[in-house]
Amino acid sequence: MLEELQRVVEALAKRLGRAVAVDDLDFRLLAYSAHLGEGDEMRARVILSREAPPEALAWLRRQRLGRATGPVRLPADEDLGILPRVAVPVVYQSVRFGYLWLFDAEGALTNEHLDMASASAADAGAICFRDRVLSDLRTAREGELVRDLLSQDEQVRGMASARLVEGGLFAPRGDVTAVVARPLPSDGGGVDEDDRIALQAALNTVSTRLGDRGSLRMVRPDHAVLVIPSATLRRSPELPESLRTTSLRRLGGTAKWRDVHVATGSPARRLDDAATSYRQALDALRVAAVVPSFAPLVTHEGLGIYALLAGQPFDRLGTYGVHPAVRQLLEVDHDLFTTAELYLDKAGDARATATELGLHRASVYHRVRRIEDVTALDLTDGQHRLILHLGIKVCRLLGLV
């Protein structure tokens, strides 16, 4: 699409003898010609960054271009370094895709010139419309195949993997990793259709940076999934945070949303095995939801013992995973429970535990003896320590603490 838009822009610039550009609806630059003797400070900044700076965006929105049905002449703004220009809506089949821009510092553009610009804007609109249709078809097809790729049925996964590669939708480059983003509503509500559209837009924005055939994406009822080569994640470790911030921005900020948690599964050796990485990412999200220290960015490999526990059904954990001694400790004294967890996390290091809690070491030893009295467990016994440590982590996971 961009190459076709570039040809339209350059042809019009040559006919009119002046600079031409096309932006999308968010005033991000899609194509531009040589300056041909004209240009201003704002356009130079847009060309460098591919998008309008905040102060220019505010100025553009004040022009109410969304109401325009034909060319609109915009005045200069010396404070912003903006010369007079003309904006022509890029529209096709009543769908608006952006704006075609012409500089007109000397006011020399005639109606004939504007008619030529409108014709070129219509050509640009047809290009954008065709690209959107093809993109929508690709997204729908990709979504169906990614759904099958993440299925629990091994045969279905294998067929989906083959079709994704053979259809040119994904280029396998070694192992793959699933990254999952889940928004957390502030009001405890759910994720509606508009929110899912916003998540899809966030996925599209992030995946655009990964190049053609560099990612697979899909939106499910309450989360978004991105499958990428693990090598991509190693080269760009900031990608999960980028997905989080982009999702929040597309969702409309934090008024409705407490946050967006993003989880990364462990690498899967083959595309067929992406479902394993996906399930691991979901497990990591379950942990982050009840153990805040893992949020908002969590990896399955960083869960420690929680990785084992999160893979179990929570109802089974509640029935079999909490030893009576742990329940007793939780009911008797919450401070003892916290001390026991930290003491075991520190591998029985009383000095480190005391430092973390701001206590004297003797106080920690006193609490350890009380913990043993309450639980009837001997914390010098490795088996007993394991029972207590696992039980504490299960309590965390079940939200009992």
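Is Asp 148 buried or partly exposed? With a relative accessible area of 21%, Asp 148 comes out as partly exposed; the label buried is kept for values under 20% and exposed for values over 50%, with partly exposed in between (1.4 Å probe, protein chains only). The model is a predicted one, so to speak of local features takes a pLDDT of at least 70, side-chain atom pairs count only at pLDDT 80 or more, and totals for chains, interfaces and linings use all residues. Residues are numbered from 1 along each chain as its sequence is written, and side-chain values use heavy atoms, with hydrogens and water left out.

Side chains of opposite charge can pair when their charged atoms come close. Here a salt bridge is called when a side-chain nitrogen of Lys or Arg sits within 4 Å of a carboxyl oxygen of Asp or Glu, and the count by this rule is 14. One of these joins Asp 148 to Arg 147, at 3.4 Å from N to O. Arg 147 is partly exposed too, at 44% relative accessibility.

Another salt bridge links the side chains of Arg 286 and Asp 283, with 3.6 Å from N to O. Both residues belong to helix α9 (residues 274–290), where they are 3 residues apart, about one turn of the helix. Arg 286 is partly exposed, at 26% relative accessible area, while Asp 283 is buried at 14%.

Arg 370 and Asp 333 form a salt bridge as well, their closest N and O atoms being 3.6 Å apart. Arg 370 is in helix α15 (residues 361–375) and Asp 333 in the loop between α12 (324–332) and α13 (334–345), so this pair ties together parts that lie 37 residues apart in sequence. Arg 370 is partly exposed, with 34% relative accessibility. Elsewhere, a network of salt bridges links Glu 241, Arg 244 and Asp 259.

The axes of α12 and α13 come within 5 Å and cross at roughly 130°. That angle makes α12 oblique to α13 (angles under 35 degrees count as roughly parallel, over 145 as roughly antiparallel, 65 to 115 as roughly perpendicular, and the rest as oblique). Axes are lines fitted to C-alpha atoms, for helices over the stretch in contact, and angles run from 0 to 180 degrees between N-to-C directions. From α12, Val 326, Leu 329, Leu 330 and Val 332 meet His 334, Leu 336, Phe 337 and Ala 340 of α13, where contact means heavy atoms within 4.5 Å. Thr 353, in helix α14 (residues 350–357), is buried at 0% relative accessibility. Leaving aside residues up to four places away in sequence, Thr 353 touches Thr 339, Leu 342, Tyr 343, Lys 346 and Val 364.

Strands β4 (residues 85–92) and β5 (residues 95–103) are antiparallel and share 8 bridges, with Val 91 partnered by Arg 96 in β5. Between β1 and β2 there are 3 bridges, again in the antiparallel sense, and Ala 21 stands opposite Tyr 32 in β2. The hairpin of these two strands has 4 residues between them, and there Phe 27 takes a positive phi near 60°.

The antiparallel strands β6 (residues 176–185) and β8 (residues 223–229) are joined by 6 bridges, and Ala 178 has Val 227 in β8 as its bridge partner.

Notes. Pairing = 2+ DSSP bridges.
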